[in-house]
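Open the model in your viewer and keep the selection tool at hand.

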Amino acid sequence: MSTIEKALARKAAKDTNETSTSVSERKVEKEEVTPSDSPESAAPKTDDRVAKVLNIDTENLKDRGYLIDTGERKSIKDEFRQIKRKLLENAFGNAAKLLHHPNLIMVSSAKPNEGKTFVAINLALSIALEQDKKVLLVDADVLRPSINRELGLEQSEGLIDYLLKPEKNVSDILFQTSINNLRVIPAGQPHHLSNELLASERMAALASELATRYPDRVVIFDCPPLIGVTETLVLANLVGQALVVVEESKTTIASIKAATESLNEDLALGIVMNKAIRSHKDLYGYYGYGYGESE
Ligand SMILES: Nc1ncnc2c1ncn2[C@@H]1O[C@H](COP(=O)(O)OP(=O)(O)OP(=O)(O)O)[C@@H](O)[C@H]1O
Ligand SMILES: [Mg+2]
């Protein structure tokens, strides 16, 4: 094969790849059972999990502004690609050696309603759809869970059930979805000690298990806000990277400072600027990102 033919073949292969990973064209695929997904102890339950592939309506997601091209301003896809690159570099590149659990990433913000879930889901979709990487999205905002609602999932068992019941295995609460590379751990049943459970030893053990059992996988935690929820800081000690969502023109410098100053200094800290611009024909936000000190 000539060099040009090889280049064309590579491009054709790349194009095929990209098409097969686009959100709209994803088909429901069965969970491929890999050894890391089905530890010996959980083996008998594997079939249950295959039966419980959670279906995500990607058309509906697109309609609500998740990871689609607007055709006008720089697309949301491109914006998340940039954020993702930096996170993946930290997770699997040279910087990974300097971080504890670099593949665990928390998404939080100073206060409620600044776009944590929106960013966490888009980031997970971005990694699942475009990379040769599996991603696990964990709804750790257990007091105000919204991953199930946003993704249109009905599965109610999840993180809280695991933290409350020692007999539960990770595989009981970790679900494959109809988006091939995306797994989800929902928040689970509401419980009056939800937030306290996030600071439990079992949660720390779970984080370690997720980090080491799936070292090639990115785990994204949609977390409660940093201000006013002390458990979020405990969670921050379990992960290697933190993304703090800032709503442009709303989040004050003082609250960004208050939110980030207590964070573990060893964390790779990223700031995502989320500016929701809403008008009758434009529903999508703009993202910027920066790494390092937030001051
Ligand atoms: N960039 C954006 N463009 C359009 N809508 C957005 C954007 N960011 C957030 N939203 C919308 O704003 C609302 C709040 O966002 P989201 O639920 O992600 O915030 P949150 O920080 O997770 O809130 P909570 O603290 O309640 O968990 C949602 O309705 C979401 O769809
Ligand atoms: Mg949320």
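This predicted model holds 7 salt bridges.

Start with Arg64, Arg149 and Glu150. Salt bridges link these three residues in a network. Zoom in on Arg64 and Glu150: their closest N and O atoms are 3.1 Å apart. The pair connects distant parts of the chain, 86 residues apart. Arg64 sits in the loop between helix 3 (58-63) and helix 4 (76-92), while Glu150 belongs to helix 6 (residues 147-151). Now colour by accessibility. Glu150 counts as buried, at 14% relative accessibility. Arg64 is partly exposed, at 29%.

Turn to Arg149. Its salt bridge with Glu150 has a closest N and O separation of 3.2 Å. Arg149 is exposed, with a relative accessible area of 58%.

Next, select helix 10 (residues 201-213). Glu209 and Arg213 form a salt bridge here, 2.6 Å from N to O. The two residues are 4 apart in helix 10, so about one helical turn separates them. Glu209 is partly exposed, at 25% relative accessibility.

Now for the nonpolar side chains. The largest nonpolar core has 41 residues. Select Leu104, Met106, Leu159, Met203, Leu210 and Phe221, which touch the most other members. Helix 10 supplies the largest share of this core, 5 residues.

Which residues does Leu210 contact, leaving aside its neighbours within four places in sequence? Show Asn103, Leu104, Leu136, Val170, Val219 and Phe221.

Last stop: another core lies apart from the largest one. This core has 35 residues, among them Phe80, Ala120, Ile127 and Leu182.

Methods
Residues are numbered from 1 along each chain as its sequence is written. Chains are lettered from A and ligands numbered from 1 in the order in which they are written. This is a predicted model: local features need pLDDT of at least 70, side-chain atom pairs count only at pLDDT 80 or more; totals for chains, interfaces and linings use all residues. Side-chain values use heavy atoms; hydrogens and water are left out. A nonpolar core is a set of buried Ala, Val, Leu, Ile, Met, Phe, Trp, Tyr and Cys residues joined through side-chain atoms within 4.5 Å. Buried means under 20% relative accessible area, exposed over 50%, partly exposed in between (1.4 Å probe, protein chains only). Contact means heavy atoms within 4.5 Å. A salt bridge is a side-chain nitrogen of Lys or Arg within 4 Å of a carboxyl oxygen of Asp or Glu.
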